[in-house]
Amino acid sequence: MATTPRASGTKPAPARTARLSATGWAEAALDLIAEQGVSSVAVEPLARRLGVTKGSFYWHFPSRDALLVAALELWERMEEETVFGQLEAVADPRQRLRALFSMVAREYKTHIIYSELLKALDHPAVQPVIGRVSERRLDYLTASFRQAGLGRDDARNRARLAYSAYVGFLQLNLQLKQTRMQHEEFDNYVEHMMTTLIPPTT
């Protein structure tokens, strides 16, 4: 799905005769959000990027805001299917948490999109999506920590701590531009986080 930015000075792709699907437009909008933020989503630049006419856009969407909503819904749906959906088969809650943390640690594009959406919380289309996604993540973590043996309050607090660590790490790396960890250092950090947050077997 990721799109490589065009080198400066190169010509846009020639317009296609086939009409791009609504999902194709939404995927392209997500790519642009990851690269340049929510405010960069606009019809004409996306049409040039995709090599289609604006008519393809208006066949599917009445406005730029409608496209943004579709892109956010796609991102939300993809996360639910690819992250939570893949973990349903893991019966042991501690192994499920380890699998979740390992998976999330390597979903770099998702981190970038989420970080850009956090910068745009004042947008009326963004805030409800971030609210739903964050609450779903916290509920999932809470349920998994409870299944791993923590009481109700401890499980909720552990979920908040884990989610705060995730959001804080994004801030350090993507917004405060902290030097990125080398591969081995990052793996050690993820292992330390899992050891610290996941309750040991009793």
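Predicted model: local features only at pLDDT ≥ 70, side-chain atom pairs only at ≥ 80, totals over all residues.
Then step to glycine 51, which follows α2 and has a positive phi, near 70 degrees.

Next, the rings. The whole structure holds 8 aromatic pairs. Select phenylalanine 57 and tyrosine 58: this pair is edge-to-face, with 4.9 Å centre to centre and 85 degrees between the planes. Phenylalanine 57 has 0% relative accessibility and so counts as buried.

Move to tryptophan 75 and tyrosine 114. These rings are stacked, 6.2 Å centre to centre, with 25 degrees between the planes. Tryptophan 75 belongs to helix α4 and tyrosine 114 to helix α6, so the pair ties together parts 39 residues apart in sequence. Tryptophan 75 is buried at 3% relative accessibility, and tyrosine 114 is buried at 2%. Show arginine 137 as well: it lies over the face of tyrosine 114, 4.6 Å from the ring centre.

Finish in the largest nonpolar core, which has 61 residues. Trp25, Trp75, Phe101, Leu117, Leu141 and Phe145 touch the most other members. The largest share, 10 residues, comes from α4.

Centre on phenylalanine 101. Beyond its neighbours within four places in sequence, phenylalanine 101 is in contact with Leu141, Phe145, Ala162, Met193, Met194, Leu197 and Ile198.

How values were computed. Residues numbered from 1 in each chain as written. Heavy atoms only, no water. Core = buried A, V, L, I, M, F, W, Y, C linked by side-chain atoms within 4.5 Å. Buried < 20%, exposed > 50% of the residue type's maximum accessible area, 1.4 Å probe, protein only. Helix = DSSP H or I, 4+ residues; strand = E, 2+ residues; numbered from the N terminus. Contact = heavy atoms within 4.5 Å. Phe/Tyr/Trp six-rings, centres within 6.5 Å; stacked < 30°, edge-to-face > 60°. Lys NZ or Arg CZ within 6 Å of the ring centre and 35° of its normal.
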